[in-house]
Amino acid sequence: TELKCGVFVPDNFNSTLEESRGLVGLNVEFCMAVSAAAQNGDRHRCVLTPLLYSNKADAYRALNNGTVDVIAGALWEFKYDFRSSDDLGGVHFSTPYFYGNESNTEDLSAYTLATMDEMVMFSSFVNCVVVAVMEARRRQITEEFYLDMPLSAIFGSDLSWALRDAVKTSGNYGTMMKRNFPDYQLTGDDRDSTRNALNTGQPMMHVYPGLIGHDIDRSSYCPGGESVCW
């Protein structure tokens, strides 16, 4: 069985998903991390399908009818939280793994993995993978030391290695970010940071949006000053 993962892309996307970097590349990385966690470390048993932000309703219909199991890069939007029609069911959004660089006066973009609300166990599993790679970064656990991740049988004994498999094959949040945003600062130093930096040595895996980083130059994250990074 392969994981069917939809990946949101902008309308002008003209690359391949597997070779993408930036936010699209990060979305793909999270697809593969979930694949590895669910399928004994095999991050490539994952069928990637591009989905357009300009046609989000159709993307969520694809989630609803099983064309895809999960959607990466899904913007957390209240209007999709609840079932609105027979072919557009409620969506569960994971912990955000990337924030846009909008100002304080604009709506903030929070990018997540989306699953069907009614798939409670799978949705919890997907969210657990997102949080696990962030926790691995906080604890400085890299691919080499993946065995330092805990075993967990909460999703069944056959998935007890899921968190280890995710980190072993994809790395932690810092290394995933570094591959897609080469100028990403791994230190998590709040004095020179963005919304997507991790709090180092504190309970939260990443900073809440809006707390820091409003007056820094984000050109290395969003060349040209776009409000969303691609």
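**Exercise 1.** In this predicted model, state which residues form one aromatic cluster, and work out how the rings of F98 and F181 are arranged relative to each other.

*Solution.* The cluster is formed by F8, Y53, Y60, W76, F93, F98, Y111 and F181. Ring pairs are counted when their centres lie within 6.5 Å, and by this rule the model holds 10 aromatic pairs. For F98 and F181 the centres are 5.2 Å apart and the planes stand at 15 degrees, so this pair is stacked, given that planes under 30 degrees apart count as such. As for accessibility, F98 and F181 are both buried.

**Exercise 2.** Determine how helices α1 and α3 are oriented where their axes cross, and list residues that meet there.

*Solution.* Begin with the axes: those of α1 (residues 22-38) and α3 (residues 120-138) come within 10 Å and cross at roughly 110 degrees. Because angles of 65 to 115 degrees fall in that class, α1 is roughly perpendicular to α3. The handedness of the α1 and α3 crossing is right-handed. Finally, turn to the contacts, where F30, A33, V34, A37 and A38 of α1 meet F125, V126, V129, V130 and V133 of α3.

**Exercise 3.** Identify the ring over which the charged end of R164 sits.

Note on methods. Residues are numbered from 1 along each chain as its sequence is written. This is a predicted model: local features need pLDDT of at least 70, side-chain atom pairs count only at pLDDT 80 or more; totals for chains, interfaces and linings use all residues. Side-chain values use heavy atoms; hydrogens and water are left out. Rings of Phe, Tyr and Trp (its six-membered ring) pair if their centres lie within 6.5 Å; planes under 30 degrees apart count as stacked, over 60 as edge-to-face and the rest as tilted. Buried means under 20% relative accessible area, exposed over 50%, partly exposed in between (1.4 Å probe, protein chains only). A charge sits over a ring if NZ of Lys or CZ of Arg is within 6 Å of the ring centre and within 35 degrees of the ring normal. Axes are lines fitted to C-alpha atoms, for helices over the stretch in contact, and angles run from 0 to 180 degrees between N-to-C directions. Helices (H or I, at least four residues) and strands (E, at least two) are DSSP runs, numbered from the N terminus. Angles under 35 degrees count as roughly parallel, over 145 as roughly antiparallel, 65 to 115 as roughly perpendicular and the rest as oblique. A crossing is left-handed if the near helix is turned anticlockwise from the far one by less than a right angle, and right-handed if clockwise. Contact means heavy atoms within 4.5 Å.
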